[in-house]
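Q: I have a protein model open and I am new to this. Could you help me read how its parts meet?

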Amino acid sequence: QEQDSPSWFNPQEVWQVAQYCQTLLRSGVSPREIGIISPYRKQVMKIREMLRSLFITEIKVGSVEEFQGQEMAIIILSTTRSTKGMGCEDWTSSIGFLSNPKRMNVAVT
């Protein structure tokens, strides 16, 4: 988390997502067949920055809502966090999957 935003990001996961993308692209998958979903704006921004730094520009990266109703051959779901400890803060800030359980349903379907 950065001081100017309540949104979360995970640098290690950003790096791992980029590695998955490079592997998929090297194996012949078209970048237009790959989508990356993250529930946090800051994580979306960091993934986009990382992919741009690797000259990967055609992979769609966005929030759950940006992918609703769309289909892609490959979806990478970057959940950003796996800690239970911040749940109360998420509820009071109305961020994350905890504030709207339907978002997780959209992400996995």
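This is a predicted model: local features need pLDDT of at least 70, side-chain atom pairs count only at pLDDT 80 or more; totals for chains, interfaces and linings use all residues.

Q: At what angle do the axes of α1 and α2 cross?
A: Picture a line along each helix. For α1 (residues 11-26) and α2, the axes cross at roughly 50 degrees and come within 9 Å. The two helices are therefore oblique to each other, and the crossing is right-handed.

Q: How many salt bridges are there?
A: Look for a side-chain nitrogen of Lys or Arg within 4 Å of a carboxyl oxygen of Asp or Glu. By this rule there are two salt bridges. One joins Glu-58 and Arg-32, at 3.3 Å from N to O. Glu-58 is in the loop between α2 and β2, and Arg-32 in the loop between α1 and β1, so the pair ties together parts 26 residues apart in sequence. Another links Glu-66 with Arg-48, with the closest N and O atoms 3.5 Å apart. Here Glu-66 sits in helix α3 and Arg-48 in helix α2, so this pair ties together parts 18 residues apart in sequence.

Q: Is Ser-38 buried or exposed?
A: Buried means under 20% relative accessible area. Ser-38 has 0% relative accessibility, so it counts as buried.

Technical notes:
Residues are numbered from 1 along each chain as its sequence is written. Side-chain values use heavy atoms; hydrogens and water are left out. Buried means under 20% relative accessible area, exposed over 50%, partly exposed in between (1.4 Å probe, protein chains only). Axes are lines fitted to C-alpha atoms, for helices over the stretch in contact, and angles run from 0 to 180 degrees between N-to-C directions. Helices (H or I, at least four residues) and strands (E, at least two) are DSSP runs, numbered from the N terminus. Angles under 35 degrees count as roughly parallel, over 145 as roughly antiparallel, 65 to 115 as roughly perpendicular and the rest as oblique. A crossing is left-handed if the near helix is turned anticlockwise from the far one by less than a right angle, and right-handed if clockwise.
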